[in-house]
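Biologist: Please zoom in on the salt bridges for me, with the cut-offs spelled out as you go.

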Amino acid sequence: MEIYVNQQKIDVTLENEKTVSDVLCAFEEEFSKNGATTIGISINGQKIEAEQIESEGEKALSQDTKIEFDIISSEEIKQNLFDEAGAFRAIAEKLGDISADYQSGKDKAASLLIATLAELVNRFCQTAKFTALFPDDFAPLLSNEIGGKNFQEFFKELPEILGEFEQAISSGDTVLLGDLAEYEIRPRLEEIADAIDALKKA
């Protein structure tokens with residue numbers, strides 16, 4: 001049997017484990033002790049969905065069984081959030097110039113900033129989903145208000161604002177572009193960064 005954790009092969013000796021479920025439970029218990037949890041499982045090269053765990057778990061182990069775990073830790077999530085907070089602040093500082101950049105022919109620099117922002121928001125949303133795996137560790141972030149709204153309400157607005165931003169770019173409306181950047185997007189990025197930084201004090 002072969003066991004991989006985040007693509008790294010692990011030396012393991014079976015004790016009383018007879019089924020796939022025995023191995024999954026034993027490793028999940030060990031991950032939990034170390035502040036981590038499983039976010040993905042593959043068995044013999046096939047990704048296993050949540051509804052397949054029970055049926056796959058009943059299968060007996062063999063010499064050819066290969067189990068791969070993708071795991072994430074609370075500390076890893078926190079570090080990702082802190083990195084993203086820094087990136088949000090860096091972009092927020094540049095958003096005030098984006099309208100002027102378009103008007104002065106610096107379209108490439110402005111377009112690159114927008115693409116970077118979109119990528120960062122997508123990455124942050126993925127990281128934010130993982131915080132639910134460790135509710136106690138991220139209670140300060142999930143329970144505090146951001147911009148006068150709770151965490152979920154705050155992020156419901158963001159895609160709509162970014163959609164308006166994209167439309168302003170497509171139509172070449174540099175005035176609206178500048179207003180959205182300066183008064184809608186920039187303060188929200190700073191509020192997100194402030195909320196994340198509060199974790200350091202928790």
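**Salt bridges up close**

Modeller: Let's start with Lys-78 and Glu-75, whose side chains meet in a salt bridge at 4.0 Å, N to O. That term means a side-chain nitrogen of Lys or Arg within 4 Å of a carboxyl oxygen of Asp or Glu. Bear in mind that this is a predicted model, where local features need pLDDT of at least 70 and side-chain atom pairs count only at pLDDT 80 or more, while totals for chains, interfaces and linings use all residues. Residues are numbered from 1 along each chain as its sequence is written, and side-chain values use heavy atoms, leaving out hydrogens and water.

Lys-78 and Glu-75 sit about one helical turn from each other because they are three residues apart in helix α3 (residues 74-95); helices here are DSSP runs of H or I, at least four residues, and strands are runs of E, at least two, numbered from the N terminus. Lys-78 is buried at 19% relative accessibility, whereas Glu-75 is exposed at 55%. Buried means under 20% relative accessible area, exposed over 50%, and partly exposed in between (1.4 Å probe, protein chains only).

Now for Glu-56 and Lys-59, which meet at 3.1 Å, N to O. Here Glu-56 is the buried residue, at 11%, and Lys-59 is partly exposed, at 44%.

Glu-2 pairs up with Lys-9 at 3.3 Å, N to O, and Glu-2 is partly exposed at 29%. There's also a network of salt bridges linking Arg-89, Asp-194, Asp-197 and Lys-200. The structure holds eleven salt bridges.
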